[in-house]
Amino acid sequence: MVAVLLVFATRAVAVPLFGLNGGFPPLTYQGLGFFTVIGVGAGVLVFAGFALWSSRPIAIYRKVALVVLALSMLPDAWLPGNVPGATWPIAIVLMVTHVAAWLPTVFILTNPALVGRRA
């Protein structure tokens, strides 16, 4: 829920601030909400797997999550020039929304003070 709210807040500020087309499908609240829930849900499942089968789940998950964050931005970088209506400002805002979803997800899942000690 925190990730979705932060992604929505990012969009709510960026669209009017930069004069972006809020109707561009990946930038709509529906599109952002759908992809955020899918991405964060997958991240939670991956962390659960690491917690079950790894002796150091937090350290490994943080590294994997950072790599996945970087890879998740590649499709956004491909949008301008390849998808009608896609511009670099839209692509950059979409990339920022990835960080907005990644940050609370990784912080909450890997913070022993919030979820208990997992090494």
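These legends go with close-up views of a predicted model.

**View 1. Helix α2 from end to end.** Helix α2 runs over residues 29-53. Its 25 residues should span 36 Å at 1.5 Å a residue, and the end C-alpha atoms do sit 36 Å apart, so the two values agree. Look along α2 for its buried residues: G31, L32, G33, T36, G43, F47 and G49. The buried residues of α2 pack against α1 (2-18), α3 (57-72) and α5 (88-110).

**View 2. The aromatic cluster of F47, F50 and Y61**. The whole structure has 4 aromatic pairs. One of them joins F47 and Y61 edge-to-face, with 5.0 Å between centres and 80° between the planes. This pair links distant parts of the chain, since F47 is in helix α2 and Y61 in helix α3, 14 residues apart. F47 is buried, at 4% relative accessible area, and Y61 is buried with 4% as well. F50 and Y61 also pair edge-to-face, at 6.3 Å centre to centre and 70° between the planes. F50 belongs to α2 and Y61 to α3, so this pair ties together parts 11 residues apart in sequence. With 21% relative accessibility, F50 counts as partly exposed, because buried means under 20%.

**View 3. T105 and its contacts**. T105 sits in helix α5 and is buried, with a relative accessible area of 11%. Setting aside neighbours within four places in sequence, T105 touches A3, V40 and Y61.

View 4. V2 is part of helix α1 and is partly exposed, at 45% relative accessible area.

Terms used
Residues numbered from 1 in each chain as written. Predicted model: local features only at pLDDT ≥ 70, side-chain atom pairs only at ≥ 80, totals over all residues. Heavy atoms only, no water. Helix = DSSP H or I, 4+ residues; strand = E, 2+ residues; numbered from the N terminus. Expected span 1.5 Å × (residues − 1). Buried < 20%, exposed > 50% of the residue type's maximum accessible area, 1.4 Å probe, protein only. Contact = heavy atoms within 4.5 Å. Phe/Tyr/Trp six-rings, centres within 6.5 Å; stacked < 30°, edge-to-face > 60°.
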